[in-house]
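Dear colleague,

Please find below the structure that I am handing over to you. My notes on what was found in it follow directly after.

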Amino acid sequence: RSRCCYFLLRIVKSVGGKAMRPYVEAVVEGIQSLLFAPASSSCVTSTREVFPIPPNDALYLFETTGILLGTTGLDVDLQQRCATAVLTPHIRSIENILSSPDLTNDVEHYGEQLSVSI
């Protein structure tokens with residue numbers, strides 16, 4: 001699975017945004033399910049826990065999402081919904097780390113978590 005995220009990015013870059021237009025929502029939902037616990041339908045946000053995939057794979061998936069949302073000619077509303085659906089759980093996990101009462105007691109542990117998130 002470690003190379004799958006990289007290959008997905010390469011395929012999306014090779015095929016181009018316009019050709020991927022009919023598949024954007026399905027691909028973004030699939031990316032959500034890889035980044036976070038099982039997603040609900042059609043780019044709708046909900047509370048999810050971060051799914052433990054390697055940081056490089058997460059970066060490939062975020063880049064793929066950016067390409068799909070930015071180059072496929074989607075309407076702004078759909079772009080916003082999908083971007084919010086992918087980023088909100090990620091931002092919430094960062095906020096949870098920063099609000100942890102043990103943050104100052106175990107700086108190394110939480111620092112590691114934040115560096116992976118950023």
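How many disulfides does a search of the whole structure find? The search finds zero, a disulfide being a pair of cysteine sulfur atoms within 2.5 Å. The sulfur of Cys 4 has its closest cysteine sulfur in Cys 5, at 6.8 Å, which is too far for a bond. Cys 5 is likewise in no disulfide.

Before going further, please note that this is a predicted model, in which local features need pLDDT of at least 70 and side-chain atom pairs count only at pLDDT 80 or more, while totals for chains, interfaces and linings use all residues. Residues are numbered from 1 along each chain as its sequence is written, and side-chain values use heavy atoms, with hydrogens and water left out.

Cys 4 counts as partly exposed, at 48%, whereas Cys 5 counts as buried, at 6%.

Helix α1 covers residues 4–15; helices are DSSP runs (H or I, at least four residues), numbered from the N terminus. From its first C-alpha to its last, α1 reaches 16 Å with twelve residues, close to the 16 Å expected at 1.5 Å a residue. That expected span is 1.5 Å times one less than the number of residues. The buried residues of α1 are Cys 5, Leu 9 and Val 12. They lie on the same side of α1, because they cover an arc of only 65° around the axis, the arc being that of the directions from the helix axis to the C-beta atoms. These buried residues pack against α2 (17–20) and α4 (55–71), contact meaning heavy atoms within 4.5 Å. After α1 comes Gly 16, with a positive phi near 95°.

Rings of Phe, Tyr and Trp (its six-membered ring) pair if their centres lie within 6.5 Å; planes under 30 degrees apart count as stacked, over 60 as edge-to-face and the rest as tilted. The whole structure holds two aromatic pairs. One of them joins Tyr 6 and Tyr 60 edge-to-face, at 5.4 Å centre to centre and 65° between the planes. Because Tyr 6 lies in helix α1 and Tyr 60 in helix α4, this pair ties together parts that are 54 residues apart in sequence. Their C-alpha atoms are 5.8 Å apart in space. Tyr 6 is partly exposed at 25%, and Tyr 60 is partly exposed at 26%. Together with Phe 7, Tyr 6 and Tyr 60 form one aromatic cluster.

Yours sincerely

Conventions: Helix = DSSP H or I, 4+ residues; strand = E, 2+ residues; numbered from the N terminus. Buried < 20%, exposed > 50% of the residue type's maximum accessible area, 1.4 Å probe, protein only.
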